[in-house]
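The following note is intended for a colleague who is meeting this structure for the first time. Its points proceed from the chain as a whole to individual residues.

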Amino acid sequence: MNVYHFKKGTEICNYSYSSNILSIRLNRQRLLVCLEESIYIHNIKDMKLLKTLLDVPANPTGLCALSINHSNSYLAYPGSLTSGEIVLYDGNSLKTVCTIAAHEGTLAAITFNASGSKLASASEKGTVIRVFSVPDGQKVYEFRRGMKRYVTISSLVFSMDSQFLCASSNTETVHIFKLEQVTNSRPEEPSTWSGYMGKMFMAATNYLPTQVSDMMHQDRAFATARLNFSGQRNICTLSTIQKLPRLLVASSDGHLYIYNLDPQDGGECVLIKTHSLFGSGTTEENKENDLRPSLPQSYAATVARPSASSASTVPGYSEDGGALRGEVIPEHEFATGPVCLDDENEFPPIILCRGNQKGKTKQS
């Protein structure tokens with residue numbers, strides 16, 4: 001694992017681990033390194049190893065989530081290899097908070113909202129998405145993505161204001177759900193025949209089997225976007241561009257698709273632009289040119305600059321938690337002083353890459 005300082009274009013440090021790194025998560029307080037059978041928790045300010053979670057079930061995909069709200073730094077990871085159990089862990093106090101029985105099947109995706117107050121999850125079936133409150137782990141929303149077929153959820157993300165939840169899969173449809181508060185006020189009496197029939201139908205669900213009743217009460221997608229491909233891995237996000245809500249989908253073939261999103265009525269999202277991410281510079285517009293963001297400064301050139309820092313090492317240490325199971329935690333080399341990531345009272349952007357060679361710690 002390599003840690004870089006974007007602004008200075010220098011390498012902060014690099015560590016090696018006992019097995020392959022499957023995923024990395026970080027906020028302004030904690031950095032997580034997820035291996036198949038362990039999770040390392042580092043302090044982001046000096047990269048000190050605070051805790052190693054060794055009692056985690058086998059996690060071959062490196063599935064884990066970390067709240068970007070560093071005031072709580074909640075961590076979520078699978079608690080079972082055969083069921084959809086989620087372990088909620090406090091990265092600040094380094095204690096387990098609770099265990100959530102989220103799904104019957106094994107987990108495929110978990111994510112926190114921006115404030116760390118909600119946790120969304122999906123199983124390998126990909127038909128139902130559930131949202132739980134944090135830290136009590138109570139279910140607050142349940143959405144049905146579909147019933148016809150099982151899918152592989154590739155991306156699950158909240159909007160920054162936590163009003164929407166977006167899910168993409170290996171199908172050609174991206175689903176956006178709206179997190180609306182359920183009011184306790186008494187509903188108005190329906191004034192039409194179809195309204196009466198709808199009310200009677202919902203009342204009848206109380207006498208149906210639990211699985212059928214639950215399915216009838218699950219909310220459907222508020223908005224959808226149609227992709228021109230399927231079967232490819234993709235990542236989606238909900239963002240605000242020029243004060244307008246947008247859905248962004250990046251596909252594994254190197255394209256970025258930008259859709260509009262009507263926050264009031266939802267419905268079908270319209271494709272606005274398509275960008276090539278492989279440097280061809282081509283852009284296809286599908287609607288009026290209402291998006292003209294300035295070109296971002298390339299960080300690649302900054303990181304590529306030669307580092308001016310000198311190597312400095314001291315004997316490493318390993319956390320004693322591994323002795324409980326007779327496992328040896330690899331020793332990590334640390335700088336002689338704290339690896340300060342503070343830059344004028346503000347943490348700089350950081351990029352993390354995987355490294356195969358065992359390197360030495362460097363201080364920028």
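1. What percentage of the 364 residues of the protein chain count as buried? The share is 46%, where buried means under 20% relative accessible area, exposed over 50% and partly exposed in between, with a 1.4 Å probe and protein chains only.

2. The model is predicted: local features need pLDDT of at least 70, side-chain atom pairs count only at pLDDT 80 or more, and totals for chains, interfaces and linings use all residues. Residues are numbered from 1 along each chain as its sequence is written, and side-chain values use heavy atoms, without hydrogens and water.

3. The protein chain contains 27 strands and 3 helices; these are DSSP runs numbered from the N terminus, with at least two residues (E) for strands and at least four (H or I) for helices.

4. A cis peptide bond links Val134 to Pro135, with omega about 15°. Pro135 belongs to the loop between β13 (128–133) and β14 (139–144).

5. Ser162, in the loop between β15 and β16 (164–169), has a phi near 65°, a positive value in a residue other than glycine. Ser162 is buried, its relative accessible area being 15%.

6. Gln242 likewise has a positive phi, near 50°, and is a residue other than glycine. Gln242 lies in the loop between β19 and β20 (244–251). Is Gln242 buried or partly exposed? At 45% relative accessibility, Gln242 counts as partly exposed.
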